[in-house]
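Here is a short briefing on fold and charge pairing. Please keep the sequence and the model in view while reading.

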Amino acid sequence: MNAYKDTAKKYLARFAKPARKNMKLTQDKIAEKLRITSRSYGALERGEGGFSTPTLLLFLGLLSDDEILDVVKGFQKEVDRAENSGAE
């Protein structure tokens, strides 16, 4: 399962900034909504830190149902792609 931590961190980092911009929020404002510091949120967007479970759930709560599904299905595709590329 640890192999998926890095995949999740990179995947969510790519998703976080466009999602935040779509919500028209600054890093400070979204950090406030996620109950983390702006510095921690910036690290998330840069892929330097990962979402804790509570932070991830709060983040998903800011998204539409379709966006949540996109995040989950997109991550599944990333995992499948990583597993398939490792098998070759």
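A salt bridge here is a side-chain nitrogen of Lys or Arg within 4 Å of a carboxyl oxygen of Asp or Glu. E48 and R46 meet that rule, with their closest N and O atoms 3.2 Å apart. The structure holds four salt bridges.

The model is predicted: local features need pLDDT of at least 70, side-chain atom pairs count only at pLDDT 80 or more, and totals for chains, interfaces and linings use all residues. Residues are numbered from 1 along each chain as its sequence is written, and side-chain values use heavy atoms, with hydrogens and water left out.

**Fold and dimensions**

- The protein chain has five helices and zero strands; helices (H or I, at least four residues) and strands (E, at least two) are DSSP runs, numbered from the N terminus.
- Along the sequence, the pattern reads α-α-α-α-α.
- The radius of gyration, taken over C-alpha atoms, is compared with a globule rule of 2.2 Å times the number of residues to the power 0.38.
- For 88 residues, a compact globule would come near 12 Å, and the 13 Å of the protein chain agrees.
- Along the principal axes, the C-alpha atoms fill a box of roughly 45 × 25 × 20 Å.
- Contacts (heavy atoms within 4.5 Å) with a separation of 6 or more are 62% between residues 24 or more positions apart.

**Burial**

- Buried means under 20% relative accessible area, exposed over 50%, and partly exposed in between (1.4 Å probe, protein chains only).
- Of the 88 residues, 31% count as buried.

**Salt bridge R20–E45**

- The side chains of R20 and E45 meet in a salt bridge at 2.5 Å, N to O.
- R20 sits in helix α1 (residues 2–22) and E45 in helix α3 (residues 38–45), so the pair ties together parts 25 residues apart in sequence.
- R20 is buried, at 7% relative accessible area.
- E45 is buried too, at 13%.

- R81 pairs with E78 in a salt bridge, the closest N and O atoms lying 3.0 Å apart.
- The two residues are three apart in helix α5 (residues 65–87), which means R81 and E78 are separated by about one helical turn.
- E78 is buried, with a relative accessible area of 18%.
- Salt bridges with shared partners join R14, E78 and R81 into one network.
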